[in-house]
Amino acid sequence: MLDARELGEEAVLAALMGISEMMGDLTDLDELLDAIVRIAPRLAAVDRCAIFLRNRRGAEFRAAHAFSPDPATTNRLMRLAIPEADIGKLAHKLVNQRIPVMFRVGREPLLPVPIIEAFDVRSMLLVPLVYQEQVMGFITLDEAGRDHLFTSREVNVVQAIATHAAVAIVHTRLAESYRRERKRADALAGAVTDGVVTLDRQLRIVSLSPGAEALLGWTSVELDGRPASEVLDEGGPGEGTGIARRILAGAVREAGAVTVRTRDGRRLPCVVTAAGVPVPTGGPTEILFALSRTEADATRRRPARTGAG
């Protein structure tokens with residue numbers, strides 16, 4: 001194994017910059033974490049690395065990614081789950097104190113004996129994955145059967161890597177949460193209305209729900225940033241945007257009748273219910289326009305039923 005001291009500052013910096021670039025280029029968190037467990041050992045003069053993610057509900061740390069020169073060892077690491085109750089002192093240092101831990105056999109008993117024996121651990125560096133005081137898990141580095149004394153430089157490098165990993169994990173979870181909430185919102189909008197148009201405070205179109213796209217014939221991309229009056233004021237100046245202005249003025253909910261313009265030039269009568277999306281600082285940051293075709297138009301356009309159904 002190459003001694004980390006033989007790696008120049010430029011090589012270490014290049015590796016850290018490479019990880020940063022991967023965070024921007026890789027859309028798959030698994031690919032990024034897999035790259036990290038392969039790169040990190042070389043920067044700490046060892047050959048084994050694992051990333052454990054914290055499961056608060058199950059009160060355990062479970063291996064999410066691992067790398068070892070021995071594929072069989074990698075497979076065993078990937079099956080490893082450590083209950084927090086089994087590593088009370090270690091969990092306190094990593095989760096409560098949020099500090100790196102340098103474990104060495106024969107000193108403070110931080111790791112369960114079965115894990116030490118199964119993986120022939122002699123020394124190990126454990127660094128928490130921290131983002132804004134929230135601990136997502138930890139990263140471990142060691143080499144089977146070797147008592148490696150980690151230098152302060154190696155610890156600092158691994159801390160930088162752990163920070164990158166924590167940021168990537170949080171951002172990915174936020175993106176996934178946003179996608180789920182967006183799907184829920186679209187499903188709800190489709191169930192109770194024909195479509196939702198979102199406006200910003202300047203009364204520009206921000207987005208269309210799938211139902212609004214079908215109703216109006218435009219896509220969100222095509223209308224992004226365009227004045228709402230081009231679509232919502234077809235029945236007269238301020239017909240739709242006037243409702244939006246009342247929301248900006250402080251109304252919680254407004255309803256009315258509007259005529260919208262579709263992409264093919266049709267004038268479509270709709271009932272609109274508008275509401276603001278509040279922010280803690282006060283006032284709405286966006287305005288939601290829930291559009292429903294009037295009964296006459298909906299009946300005229302609804303296909304006739306056939307058969308027994």
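Leaving aside its neighbours within four places in sequence, which residues is Ser 68 in contact with?

Analyst: This is a predicted model, in which local features need pLDDT of at least 70 and side-chain atom pairs count only at pLDDT 80 or more, while totals for chains, interfaces and linings use all residues. Residues are numbered from 1 along each chain as its sequence is written, and side-chain values use heavy atoms, with hydrogens and water left out.

Once neighbours within four places in sequence are set aside, Ser 68 is in contact (heavy atoms within 4.5 Å) with Asp 47, Arg 48, Thr 73 and Thr 74. Ser 68 sits in the loop that joins strand E2 (60-67) to helix H3 (71-78), where strands (E, at least two residues) and helices (H or I, at least four) are DSSP runs numbered from the N terminus. With a relative accessible area of 9%, Ser 68 is buried, a label for values under 20% with a 1.4 Å probe and protein chains only. Cys 49 is likewise buried, at 1%, and Cys 270 is buried at 0%.

The largest cavity holds about 140 Å³, the volume being the space filled by probe spheres set on points joined across faces, edges and corners. Of its 18 lining residues, Phe 52, Leu 80, Ile 115, Met 124 and Thr 140 are closest to the centre, lining residues having an atom within 4 Å of a point. Strands E1 (48-55), E5 (123-131) and E6 (134-142) each give two or more residues to that lining, and the largest share, four residues, comes from E1.

The largest pocket, an open set with protein on both sides within 12 Å along at least five of seven lines, contains about 430 Å³ of space. Its lining also has 18 residues, and Ala 185, Asp 186, Val 196, Thr 198 and Leu 288 are the closest to its centre. Helix H6 (152-192) and strands E7 (195-200), E8 (205-208) and E11 (284-293) each contribute two or more lining residues, with H6 giving the most, eight.

On confidence, the chain averages a pLDDT (the predictor's confidence in each residue, from 0 to 100) of 85, and 86% of the residues score at least 70. Residues 1-5 have pLDDT below 50, with 13 contacts beyond near neighbours in sequence, and residues 298-309 are also below 50, with four such contacts. Where pLDDT is low, predicted coordinates should not be read in detail.

Definitions and conventions
On a 1 Å grid over the protein atoms alone, a cavity is a set of points where a 1.4 Å probe fits but cannot get out, and a pocket is an open set with protein on both sides within 12 Å along at least five of seven lines; lining residues have an atom within 4 Å of a point. Buried means under 20% relative accessible area, exposed over 50%, partly exposed in between (1.4 Å probe, protein chains only).
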